[in-house]
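These notebook entries set down what I looked up in one structure. I kept them in the order in which I consulted the model.

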Amino acid sequence: MVGPGAPPVADLAGLGVARVSAGSGIAQAALALVHRASRELLGAGTYESLEGGLDYGRLNALLGAAR
């Protein structure tokens, strides 16, 4: 399991690691963004934490590639 503070994948590969897993870490990071965005919207009434989100075209392309 990798996460913040773990060595980069290239370093692990150099040590002979063949596979790394982020486990639920990616989902947890996404949920943390949902939490921050909700608090910002309900608190300050702003939307800055949504910056950098993927637009629908990009999402569709990514999901289409997974088929």
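I took helices as DSSP runs of H or I with at least four residues, and strands as runs of E with at least two, numbered from the N terminus. The model is predicted, so I noted that local features need pLDDT of at least 70 and side-chain atom pairs pLDDT 80 or more, while totals for chains, interfaces and linings use all residues. Residues are numbered from 1 along each chain as its sequence is written, and side-chain values use heavy atoms, with hydrogens and water left out.

Entry on V20. I located V20 in the loop between α1 (9-14) and α2 (25-43). V20 is partly exposed, at a relative accessible area of 35%; buried means under 20%, exposed over 50%, and partly exposed in between (1.4 Å probe, protein chains only). With V9, L15 and V17, V20 makes a nonpolar surface patch of about 350 Å². Such a patch joins nonpolar side chains (Val, Leu, Ile, Met, Phe, Trp, Tyr) within 5 Å, and like charges within 9 Å, from residues with over 30% relative accessible area and no salt bridge. The areas come from the Shrake-Rupley method with a 1.4 Å probe.

Entry on α2. I found 19 residues in α2 and 26 Å from its first C-alpha to its last, close to the expected 27 Å; the expected span is 1.5 Å times one less than the number of residues. G45, with a positive phi near 75 degrees, follows α2.

Entry on E40. Is E40 buried or exposed? I found E40 buried, yet without a salt bridge, that is, a side-chain nitrogen of Lys or Arg within 4 Å of a carboxyl oxygen of Asp or Glu. The nearest side chain of opposite charge is R36, 7.7 Å away; Lys and Arg count as positive, Asp and Glu as negative, and His and the chain ends are not counted.

Entry on L50. I placed L50 in the loop between α2 and α3 (56-65). L50 counts as exposed, at 52% relative accessibility.
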